[in-house]
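Me: I would like to learn how to read the features of a model like this one, one at a time. Please take me through them with the structure in view.

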Amino acid sequence: MWQLTIAHRIRLLERRMLELSAWRNALEAPILEWSITQPNLEPRAIRLGDSWGFSDGTNGYNTHKQGAVKFETSVTIPDSLKGFPVELELDFGGEGFVLVTNSSGTVFRGGLNPFHKAFPILEKAEGGETFQIIVEAVPKGLFGSRNDVPSLARSYLVAPHLEVRRFLQDLESVHMACATLGAHEVVPHLLNATEDVLEQLPWTSSAEDYLSRLMHGTLGNPFERSILWSLPKIPELRPLERNWLLGVNAAGLQLQTHLENIKKLYPPQGSLALTGHAHIDLAWLWTISETRRKIRRTFATVLDLMNRYPDFKFNQSSAQAYAWLEQDDPKMFEEVKARILEGRWEAIGGMWVEPDGQMLNGESWVRQIQYGQHYFLEKFGQISTVSWLPDTFGFNPQLPQLLRLGGMDKFFTTKLRWNETTEFPHDLFIWQGLDGSKVLAHCFWNQFDSYNAQIDAKSLLETWKNYKGKSSKAWLKHPNPPQTLLAFGYGDGGGGPSREHLEGYARFKDFPAMPKLEMTRVDDFYAKLPTDLPVWHGEMYLELHRGTLTSQAKVKKLHRQLEHRLLEAEALWSLAWLEGESYPTGELELLWKTLLLHQFHDILPGSSIREVYEDAHSALGTALFECTVLLENAPVKGNTRLAFDQILARAQRKFARVSIQKLENSTYQLKNDLLSVLVNQNGWVESVKDKIGTEYLQAPMQFTAQHDVPREWEAWDVNPKASAPIQTKVEIVLLETGLKLIHTWRDSVFTQVLTLEAGRLVVKNHVQWHEKRVHLRLEIPVGIQIQHAYFENAFGAVPRAMKANTPTEAAAFEVPAHRFVLLEAGGQAMALLNDSKYGFSLDDQILSMSLLRGTMYPDPTADLGEHEFSYALQILEPTNTLETATKAGIDFNSPMLGALQHLFQTSGLVVSSLSKSSTNNALLLRLYEPSGRAYSGLLDLDFLRVQKAVRVDFLERQLEELKLKNGQLKLQMKPHEIITLKLFVVVQSAVQQPSTPKANEVLVEHPQPSEGKKATQEKQRV
């Protein structure tokens, strides 16, 4: 006898579910009339089904600049819906914010998008209730897609058949489990259970009922409806009779009984800790102004779900998101705050934004943490212990130390699962930084939606199967069973969790043969993990998205400049404050926060749309101008005059005397006491020799180019180097202090000015760039035999292979560096310095620096136009080369910060910053050890009139008090260690309060916060 296969049975279940779904609503009542107000236009009427675009096929306005479209209407619940719960179902052809009010106030508030279209407004209608509805909409999808002809596609009051919906969700959970578990022996039992209840299900067969549902549900297949030549007469909808609904309820209860019995035979396998999440890119395929609307929509949705689902927990990173909400909707912010204090909403991440992981300098990381944690502490009474960076494109090796000093000892990402060559070996591990600092690290692998998981059988089961950490021997001695995290909700463009997710959780949390689910706070999940785990040392390089080190060069240049100008302003004003001037705390904070926002992991990397960069160039350019004004206004007076003079004199870089001549073979020579440089007739530097004649080039250093169409993710990715030298038309002009070289290539012009500064060849570039899908590099064929190569990162440098010997080394064909790349060869050393570039490669003896790209997606105008950048070849003495290269890179980017190194006479250490304390009348001095050697020495602070010195973390919490003798501080530091000194000083003027305690004053250190506890961390005077 022929029998149905498992696949047949699953398909039959699917068909029956499609049939039942036509009865998801008992009744529907259209909302026909609305008022629409578009930017710069008067309100007008619009009807259900009408387009709110324009006849030319556009929206007629710019939501980026002008905001959202406002729709308004007033509705009265018809008597036909009396006794039913009532929902509002909307589709406006884009994203929106929905607000429903009545005479008593707000009834519903939430986000409108393809995954959030139904909004409950009444538990039981009396008939005659009146509501006002406002929808603020933009004609964009969650991922920024345009809808040129948006329409009011759906606008209905509906009375749901709650019994049918619940039963359908029950069936759907079993269906998904069967489809996912495949050949598992539990599947026939699950199908037996559904078939049994469906066979006993009482159901209407009325032709009138079926015809009435023809246009309101699928009835098996949308195709069947679409091919109707003409519609038959369609009766009005009518609800299912009470006896049918009682039968549906009974079937649901019977199915639960079956599942409980099956669970005894096949109990849950594995464990997932679930956290609701809405990854909201602060800019990407939409602008920052749109993000602020996305945040409000998403947060409103989450608040509504928390009211309806008591078990629901949610996490959201980025202090910037909360700060925007506080400005845009103070009332909603207070509701979010209440949920955070309750413990169900977790403010996570401990940073201002989720930044790029490779291009920030050390001080930017510090300020991301400082401003983020201080905001969380001030607004919510707690800091985050978990660094939440799910989508950042690789991580620098000092991050564990930075996180620990910022109050975070746990780390989360999913991005390392994106490696395209070498599978990252861990998903539960200890990450150890350069100095030995360790954080507990975890990532999950939900291969379908990354960090935006669904609560469905496939995501749940595959996430558990992919979890390597469940096999760690650490679990043998651990009191808890193995568990992995899973963040659920619609993300990237926001939206967050939905009602369907939480209904799925209710059904899958204890399901046969599936992982057991537990709703959790992220910090609680980490608290239950073992710590005797494998250790990953140093950088976590992402073998993907390497092109983000170069894309959108202008934003990277502004970023680098503002990083340095802010540190200069802090240093100068700190010394001015010491003499009694008022420190510009507020101005500096606003400028820092502008920089920190634009370090977001889709802005700084160059992977956003054109409008994002139009805004970013304006915002960063304005901040740079304001910071420059702040610098120029720093007063110079008093006892620190000598210090100011030292800094300002250093800022005016001294040029060594240079001789320039044209040789017989049309070669030009630039020469001073330390360097001799030859430029050939093609305009390329072909020789760089030091004073003893050592040659540092084996062939001319010149621009190379290759066709630039990556395999995918165009602005993100870049192909391995396959460049060829470009052939230019060149004009060479002799200058008084150097050479000007004007290269013309295709539609672009490169103007270079070459000068010598002591042991440094400096090349200033002005480029008119008009190429698309071309990757432009500077290629340097190195003449010394390289033995060691170091690429600067935040607070340190990463050693890299000179030649790729393994697939992992080969995959790192484009790597990050900041201000320098150092090459050593026995008795010689040279550094390539730069003022705005981040992408480099080293292949045997060829060092390359990526200069420009011309990607088409997501910004077809990317990088077109003017660019200015400088680089230099610096010859170094072959001792203390990492320290020397670091200080040369600082000096090249900021002579003023270079002068600070001399001011503090920090041989063996690097001064990172000097600023005023945010919590006391004290100075903060940050230093780090750059060379990987233990340090012991004296730091002379006498000129600052220091009375007391303590070591603090980034949140200014005291770690230890240091001994100060005769203005000198004895320091001992580990290799690669970062240290922040809080210096209580004598302030010369009454403008500021004394920074040292009076006889009746004491410094009180408040307790450090524990997980989930409120605590105040600032030191206060009492």
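**Strands, helices and buried sites**

Reply: Strand β46 (residues 968-973) is joined to β45 by two bridges, and these strands run antiparallel. This is a predicted model, in which local features need pLDDT of at least 70 and side-chain atom pairs count only at pLDDT 80 or more, whereas totals for chains, interfaces and linings use all residues. Residues are numbered from 1 along each chain as its sequence is written, and side-chain values use heavy atoms, with hydrogens and water left out.

Me: Which residue stands opposite K965, and what is the strand order of the open sheet of three strands?

Reply: Strands (E, at least two residues) and helices (H or I, at least four residues) are DSSP runs numbered from the N terminus, and two strands pair if DSSP finds at least two bridges between them. Here K965 stands opposite Q968 in β46, and the open sheet of three strands has the order β42-β46-β45, with antiparallel pairing. Its edges are β42 (935-940) and β45 (964-965), each with a single partner strand, so one side of each is left without a neighbour in the sheet.

Me: Where are the edges in the open sheet of six strands?

Reply: That open sheet runs β26-β25-β31-β38-β37-β34, again with antiparallel pairing. The strands at the edges are β26 (724-725) and β34 (815-816); each has a single partner strand, so one side of each lacks a neighbour in the sheet. Two bridges connect β34 with the antiparallel strand β37 (residues 839-843), and V815 stands opposite F840 in β37.

Me: Turning to helices, at what angle do α16 and α18 pack?

Reply: Axes are lines fitted to C-alpha atoms, for helices over the stretch in contact, and the angle, from 0 to 180 degrees, is taken between N-to-C directions. For helix α16 (residues 553-578) and helix α18 (residues 610-632) the angle is about 25°, and their axes are 9 Å apart. The two helices are therefore roughly parallel to each other, given that angles under 35 degrees count as roughly parallel, over 145 as roughly antiparallel, 65 to 115 as roughly perpendicular and the rest as oblique. Their crossing is left-handed, a term used if the near helix is turned anticlockwise from the far one by less than a right angle, with right-handed used if clockwise.

Me: Which residues of α16 and α18 meet?

Reply: With contact taken as heavy atoms within 4.5 Å, the α16 side includes L558, L562, R565, L566, A569 and W573, and the α18 side includes Y613, H617, L620, G621, L624 and C627. By class, this contact of α16 with α18 has 15 nonpolar, three polar and three charged residues; Ala, Val, Leu, Ile, Met, Phe, Trp, Tyr, Cys and Pro count as nonpolar, Asp, Glu, Lys and Arg as charged, and the others, Gly among them, as polar.

Me: How do α3 and α7 pack?

Reply: Helix α3 (residues 162-181) and helix α7 (residues 242-265) make an angle of about 30°, with their axes 9 Å apart, and are therefore roughly parallel to each other. The crossing of α3 and α7 is left-handed. Among the residues that make the contact are F167, L171 and V174 of α3 and L245, V248, L255 and L259 of α7. The contact of α3 with α7 divides into nine nonpolar, three polar and four charged residues.

Me: How many residues of α22 are buried?

Reply: Buried means under 20% relative accessible area, exposed means over 50%, and partly exposed lies in between (1.4 Å probe, protein chains only). Nine of the ten residues of helix α22 (residues 895-904) are buried, so the helix is largely enclosed by the rest of the structure; including M896, L900, Q901 and F904. Just after α22, Q905 takes a positive phi of about 50°. Helix α9 (residues 319-328) is mostly covered, with seven of its ten residues buried, Y322 and W324 among them. The buried residues of α9 pack against several elements, including α8 (288-308), β12 (314-317) and α17 (585-597).
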